[in-house]
Amino acid sequence: MKRLIADAASALAPTCDTTTSCITCGDVAIPLTVLRLDEERGLALCADDEGKSETVETAPVAPGDRLLVHAGTAIARLTEEASG
Amino acid sequence: MKYVDEFRDPVLGEVLAGEILGLVEPGRHYKFMEVCGGHTHSIYKYGIDDLLPANVELVHGPGCPVCVIPMGRVDDGIALAHEPDVIFTCFGDMLRVPGSDGTLLDAKAQGADIRMVYSPLDALRIAKANPQRPVVFFAIGFETTAPSTALTLKRAKAEGVANFFCMCNHVTIVPPLRALLDSPDLRLDGFIGPGHVSTVVGVRPFEFIPAEYGKPISVAGFEPLDVLHAIHMILRQLKEGRCEVENQYARVVPYDGNPRALQVMSEVFELRPHFEWRGMGFISQSGLKLSEAYADMDAELRYEVPGIRVADPKACQCGEVLKGVIKPWECKVFGSGCTPERPIGTCMVSSEGACAAYYNYGRFAREREVV
């Protein structure tokens with residue numbers, strides 16, 4: 001019974017997409033582009049190449065900058081040169 | 001997609017594979033460890049193993065943050081989640097990691113308020129929306145994730161959010177590497193260094209590997225060509241008689257890392273004297289806890305946690321997999337008693353875990369090989 005309840009909870013709970021990769025649990029970072037800034041709070045609204053947006057904690061950046069983001073935080077700024 | 005497509009080019013992949021073949025000495029066996037779970041995932045997802053000569057073996061290191069969490073810490077988290085009024089938050093994979101008496105998902109089924117978050121900022125948002133209830137964030141991860149937790153704790157303090165707490169399980173990468181290199185049952189010829197951890201800590205912390213242990217290392221990105229290129233760089237070092245730290249992921253990883261992230265980490269965290277790693281035991285100065293300045297947000301100080309060390313299930317060989325001593329399929333319960341749907345060990349839980357990556361992408365190839 002306990003197993004059944006846990007399975008039901010598991011089915012209802014939001015989970016990571018384990019067929020690709022869990023970006024928060026793993027050491028994964030994704031490139032995002034800065035759209036808008038909230039400089040006072042150190043936050044930026046960013047979007048990926050498909051237009052999906054998220055709020056990111058970041059050091060000072062500018063709209064259009066490309067950031068490498070992990071767990072809601074920018075860990076690096078990507079440069080044009082870096083794109084190879 | 002920019003920054004991605006260039007590093008998945010199959011033609012370039014074939015060229016690199018050909019060059020790798022030209023670098024290996026016939027009759028010599030090469031054993032390289034990819035430290036990071038993200039690399040393990042890429043290797044299986046893109047079939048990089050199949051592009052390598054038979055005498056180049058990749059073994060999987062302890063770089064999956066979920067996989068290294070011992071059962072006792074899961075039990076501590078579950079105990080916290082059952083505290084009255086607590087909203088317990090953690091990353092998704094952590095929900096399915098077995099403790100000694102079930103998972104966090106089981107605890108949720110029993111009524112604990114446990115919520116999955118994608119970032120510590122999400123947990124802080126929950127705390128601000130529920131000011132009358134304590135919100136605990138179960139923090140896991142290497143130096144890639146630790147800055148995110150540190151910045152969130154700083155933000156919570158600055159905004160006066162008094163109901164936000166953290167159970168810190170952050171770990172550091174260098175001490176377990178040193179423990180592995182000191183381990184007598186593991187012979188390695190080189191390392192594929194962690195890419196995103198190095199974005200934060202830089203390349204400098206890995207200098208001890210060639211200097212003290214005489215092993216080459218190449219810090220690598222996560223696309224298939226990144227991993228192949230890193231293997232190529234290590235083999236070239238061996239062929240030319242060099243032994244140094246190289247940075248394959250220089251487009252992202254600065255030699256000295258991210259100073260701002262390191263500064264905020266040093267402000268919010270301090271090293272624990274020792275921390276238990278699944279399958280590797282206690283490793284000195286390998287875990288982080290909240291610093292004195294943030295002690296009032298430390299969930300382990302606010303609540304009484306059992307803190308009992310729990311032995312891994314006898315059938316589970318996660319420890320040996322994490323140390324690269326055995327391959328996932330050599331574990332007694334791999335694919336039978338232990339599957340991603342019903343994991344016994346943590347390496348099967350996380351998508352970054354060697355067992356889950358191998359189960360999802362590699363087991364059919366292995367079965368064909370065996371047949």
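Helix 11 of chain B is followed by B:Gly241, a residue whose phi is positive, near 70°. This is a predicted model. Helix 11 of chain B contains 17 residues. From its first C-alpha to its last, helix 11 reaches 24 Å, which is close to the 24 Å expected at 1.5 Å a residue. Of those 17 residues, 13 are buried, so helix 11 of chain B is largely enclosed by the rest of the structure.

The largest nonpolar core has 131 residues, and the members that touch the most other members are B:Val136, B:Cys166 and B:Ile231. Helix 11 (residues 224-240) of chain B supplies the largest share of this core, namely nine residues.

## Chain B as a whole

Chain B has 15 helices and 13 strands. Its radius of gyration is 21 Å, close to the 21 Å that the globule rule gives for 371 residues, so chain B is as compact as a globular protein of that length. Taken along the principal axes, the box filled by the C-alpha atoms of chain B is roughly 65 × 45 × 40 Å.

Among the 371 residues of chain B, 54% are buried. When contacts with a separation of 6 or more are considered in chain B, 77% of them join residues 24 or more positions apart.

## A parallel sheet of four strands

In chain B, four strands make an open sheet with parallel pairing, arranged in the order 4-3-5-6. Strand 4 (113-116) and strand 6 (164-170) of chain B are the edge strands, each pairing on one side only. From one strand to the next, the twist averages 20°.

Strand 3 (residues 87-90) of chain B runs parallel to strand 4 of chain B, and four bridges join them. Within this pair, B:Ile87 stands opposite B:Asp113, which belongs to strand 4 of chain B. Strand 5 of chain B is likewise paired in the parallel sense with strand 6 of chain B, over seven bridges. The bridge partner of B:Phe137 is B:Cys166, in strand 6 of chain B.

## Helices packed on the sheet

Helix 4 (residues 71-81) of chain B packs on the sheet and touches strand 3, strand 4, strand 5 (135-141) and strand 6 of chain B. The direction of helix 4 makes about 170° with that of strand 6 of chain B. Helix 7 (residues 146-158) of chain B also packs on the sheet, touching strand 5 and strand 6 of chain B. The direction of helix 7 makes about 160° with that of strand 6 of chain B.

Helix 4 of chain B is mostly covered, with nine of its 11 residues buried. Among these buried residues are B:Met71, B:Val74, B:Ile78 and B:Leu80, together with B:Arg73, B:Asp75 and B:Asp76. The elements that cover the buried residues of helix 4 include helix 5 (104-109) and helix 13 (299-302) of chain B, as well as strand 3, strand 4, strand 5 and strand 6 of chain B.

Leaving aside residues up to four places away in sequence, B:Cys166 touches B:Phe137, B:Ala139, B:Thr149, B:Leu153, B:Leu290, B:Met297, B:Asp298 and B:Ala299.

## B:Tyr213

B:Tyr213 lies in helix 10 (residues 208-213) of chain B. This residue has 16 other C-beta atoms within 10 Å; a residue counts as buried at 20 or more and as exposed at 12 or fewer, so B:Tyr213 is partly exposed. B:Tyr213 and B:Cys243 are 30 residues apart in sequence, and their C-alpha atoms are 9.7 Å apart in space.

## Chain A

Chain A has one helix and five strands. Along the sequence, these elements follow the pattern α-β-β-β-β-β.

Of its 84 residues, 36% count as buried in chain A. Among the contacts in chain A with a separation of 6 or more, 30% are between residues 24 or more positions apart.

How values were computed. Residues numbered from 1 in each chain as written. Chains lettered and ligands numbered in written order. Predicted model: local features only at pLDDT ≥ 70, side-chain atom pairs only at ≥ 80, totals over all residues. Helix = DSSP H or I, 4+ residues; strand = E, 2+ residues; numbered from the N terminus. Rg over C-alpha atoms; globule rule 2.2 N^0.38 Å. Contact = placed C-beta atoms within 7 Å. Core = buried A, V, L, I, M, F, W, Y, C linked by C-beta atoms within 7 Å. Pairing = 2+ DSSP bridges. Axes fitted to C-alpha atoms, helices over the stretch in contact; angles between N-to-C directions. Expected span 1.5 Å × (residues − 1).
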